[in-house]
Amino acid sequence: MTITITGYIIIIFSIFFFLKNGIKRCIIDPRIFILLFYWIFWGKIENIPYNLSADILLAVSFLLFWFSMILFSKLKYSKITNALTNISSRLEKGEFTPLSHTLQIKLVLVVLLYCISDIAINSYIYGGVTNAMTRFYYRLPEQDVPQYYTSLLSVFSSICSFILFTIRLSNIYFKQKKALFYIGLLALLFVTFPTGSRGAVLKTLLFPFFADIVVICFLKGNWKSLLNGVNFVVVGVFLFAAFFLTKNRNKDFDSLQDVSENLVSFNINEGVQSYQDKEKDLMMWEYYNAYDQYGNTIPFYPITYTLTAICLNPIPRSIYPNKPLGIGRILAFSRDGVYIPDNKFLLMNRSSFAVGICGEGWINGGLPGVIFYSFLLGMFAGFCVKMYRDLLSYSYLNLMFALLFMKCSFSYIRGDILSGFTQGVYPIIATFFLLLLITKLNRISIHF
């Protein structure tokens with residue numbers, strides 16, 4: 001294994017954080033998660049040749065990102081913080097109390113309603129329930145639907161994860177029964193698994209269970225709440241699903257029976273070996289490839305390309321057919337020799353690759369693009385870190401918003417930037433407006 005320059009910097013920063021703040025404070029610090037994800041994707045290589053010039057650029061990008069994040073995490077964003085805390089206080093009155101059994105049932109019903117909607121919409125897109133539940137990246141859509149349908153499903157999937165976080169928080173802190181939580185969690189796994197995304201499956205597990213970490217590190221709970229037999233079984237199920245998807249990525253399943261037979265015969269060691277063989281250095285290989293090609297055999301994109309794509313992304317493609325694509329999809333299309341994909345090709349190929357902040361900055365104009373996006377996303381990460389700190393309090397909704405901002409602070413480190421940004425920001429916006437709508441409805445009901 002070769003540790004990159006960025007990897008050595010991460011090790012130094014991590015040691016400093018742990019010595020200064022201690023384990024419990026570090027575990028709930030978004031900056032530690034940023035370091036962790038940088039280490040996973042950009043801290044080391046094992047089976048590919050080392051590229052010194054690309055590695056130096058990666059380290060420069062990381063340092064620019066890090067120091068701009070630190071700078072902007074020290075500023076105040078009072079208006080935004082007040083807007084979020086005010087809406088929380090309107091809906092949560094009084095002390096931090098356990099969620100009632102009735103409220104937990106209502107929240108789980110919201111999760112189940114999302115799951116039913118997910119199956120229904122994907123059944124329409126892929127031509128039947130069986131096709132929807134066996135798509136696994138392989139199956140192509142049979143119906144041309146607006147992209148915002150699937151974008152909305154992704155946003156509400158994230159919101160459901162944070163609903164389960166809230167239920168889990170009450171269950172753990174106030175020692176309540178957890179049956180409703182596990183029903184909601186397994187239902188969410190059921191509709192996430194057919195997407196074929198290992199990352200989506202693991203996020204479905206990790207965000208609700210972050211409630212245990214919050215209780216232990218912030219609310220002074222006990223580690224025993226996390227270390228029990230039921231949790232080990234649940235974690236085992238999710239890991240089994242994740243490694244199954246690793247082994248069977250892009251595999252064609254004819255029926256649900258075919259999936260179930262493969263699940264029964266699957267050995268998790270096969271998934272581990274598949275990850276070792278196919279994906280261990282995948283991110284660095286993609287980055288090195290982009291570094292070598294763009295500016296040489298492929299022209300750079302304009303420096304503002306990704307920023308423009310982010311700003312225009314909310315506009316449906318049906319209204320603006322030629323709106324910019326994310327760099328991740330452009331990289332995927334270029335593998336097929338397609339550099340200007342039409343709408344038909346967009347429907348047939350939904351793959352996406354990622355090269356991180358540095359790689360995407362390089363594609364956006366070379367060195368100026370690396371500097372611009374490293375600083376810009378560091379600034380944004382600093383804002384998210386500050387919002388997380390300010391919202392971390394004895395309030396379910398504030399804690400949920402805090403966790404949303406924590407996720408947002410590192411959602412684009414792997415990339416592509418457009419996908420990471422939308423997956424982080426859109427759930428915050430949607431949650432805010434949903435809660436705002438609820439407060440308005442409460443006021444109307446009071447008046448009547």
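Reply: Start with Asp212, which counts as buried because its relative accessibility is 0%. Keep in mind that this is a predicted model.

Me: Which residue does Asp212 form a salt bridge with?

Reply: Arg168 is the partner of Asp212. Their closest N and O atoms are 2.9 Å apart.

Me: And is Arg168 buried or exposed?

Reply: Arg168 is buried, because its relative accessibility is 0%.

Me: Where do Asp212 and Arg168 sit?

Reply: Asp212 lies in helix H9 and Arg168 in helix H7. These parts are 44 residues apart in sequence, so the pair ties them together.

Me: How many salt bridges does the count come to?

Reply: The count is three salt bridges. One of them joins Asp29 and Arg31, with the closest N and O atoms 2.7 Å apart. Asp29 and Arg31 are both buried.

Me: What about Asp390, which residue does it bridge to?

Reply: Asp390 forms a salt bridge with Lys386. Here the closest N and O atoms are 3.5 Å apart. Both residues belong to helix H18. They are four residues apart, about one turn of the helix.

Me: OK, staying in H18. Which helix residues does H18 cover, and where does Arg389 belong?

Reply: Helix H18 covers residues 367–391, and Arg389 is found there. Arg389 is partly exposed, with a relative accessible area of 36%.

Me: Now nonpolar. Which residues form the nonpolar patch on the surface?

Reply: Ile5, Tyr50, Leu52, Ile56 and Val60 form it. Together they have about 410 Å² of accessible area.

Me: Which helix gives the largest share of the patch?

Reply: Helix H3, residues 52–72, supplies three residues, the largest share. Ile5 sits in helix H1, residues 5–27. Ile5 is partly exposed, with a relative accessible area of 32%.

Me: Switching to rings. How many aromatic pairs does a search of the whole structure find?

Reply: The search finds 31 aromatic pairs. One of them is Trp42 with Tyr287, an edge-to-face pair. The centres are 6.1 Å apart, with 80° between the planes.

Me: Which parts of the chain does that pair link?

Reply: Distant ones. Trp42 is in helix H2, residues 30–42, while Tyr287 is in helix H13, residues 282–293. The two are 245 residues apart. Both Trp42 and Tyr287 are buried.

Me: What other aromatic pair does Tyr287 form?

Reply: Tyr287 also pairs with Tyr291, and that pair is tilted. It has 6.4 Å centre to centre and 45° between the planes.

Me: Why are Tyr287 and Tyr291 separated by about one helical turn?

Reply: Because they are four residues apart in helix H13.

Me: How buried are Tyr287 and Tyr291?

Reply: Tyr287 counts as buried at 1% relative accessibility. Tyr291 is buried too, with a relative accessible area of 16%.

Me: Which residues form the aromatic cluster?

Reply: Phe13, Phe16, Phe17, Tyr38, Phe62, Phe65, Trp66 and Phe67 form one aromatic cluster.

Me: Loops next. What about the phi of Lys175?

Reply: Lys175 has a positive phi of about 55°, although it is not a glycine. Most residues other than glycine have a negative phi.

Me: Where is Lys175, and is it buried or exposed?

Reply: Lys175 is in the loop between helix H7 (147–173) and helix H8 (179–192). Lys175 is exposed, with a relative accessible area of 73%.

Me: And where is Lys224?

Reply: Lys224 is in the loop between helix H9 (198–217) and helix H10 (229–247). Lys224 is exposed, with a relative accessible area of 66%.

Me: What separates the C-alpha atoms of Lys224 and Asp212?

Reply: They are separated by 9.9 Å. Along the chain, Lys224 and Asp212 are 12 residues apart.

Methods: Residues are numbered from 1 along each chain as its sequence is written. This is a predicted model: local features need pLDDT of at least 70, side-chain atom pairs count only at pLDDT 80 or more; totals for chains, interfaces and linings use all residues. Side-chain values use heavy atoms; hydrogens and water are left out. Buried means under 20% relative accessible area, exposed over 50%, partly exposed in between (1.4 Å probe, protein chains only). Patches are made of residues with over 30% relative accessible area and no salt bridge: like charges are joined within 9 Å, nonpolar side chains (Val, Leu, Ile, Met, Phe, Trp, Tyr) within 5 Å. Accessible areas come from the Shrake-Rupley method with a 1.4 Å probe; for residues, only the protein chains shown count as cover. A salt bridge is a side-chain nitrogen of Lys or Arg within 4 Å of a carboxyl oxygen of Asp or Glu. Rings of Phe, Tyr and Trp (its six-membered ring) pair if their centres lie within 6.5 Å; planes under 30 degrees apart count as stacked, over 60 as edge-to-face and the rest as tilted.
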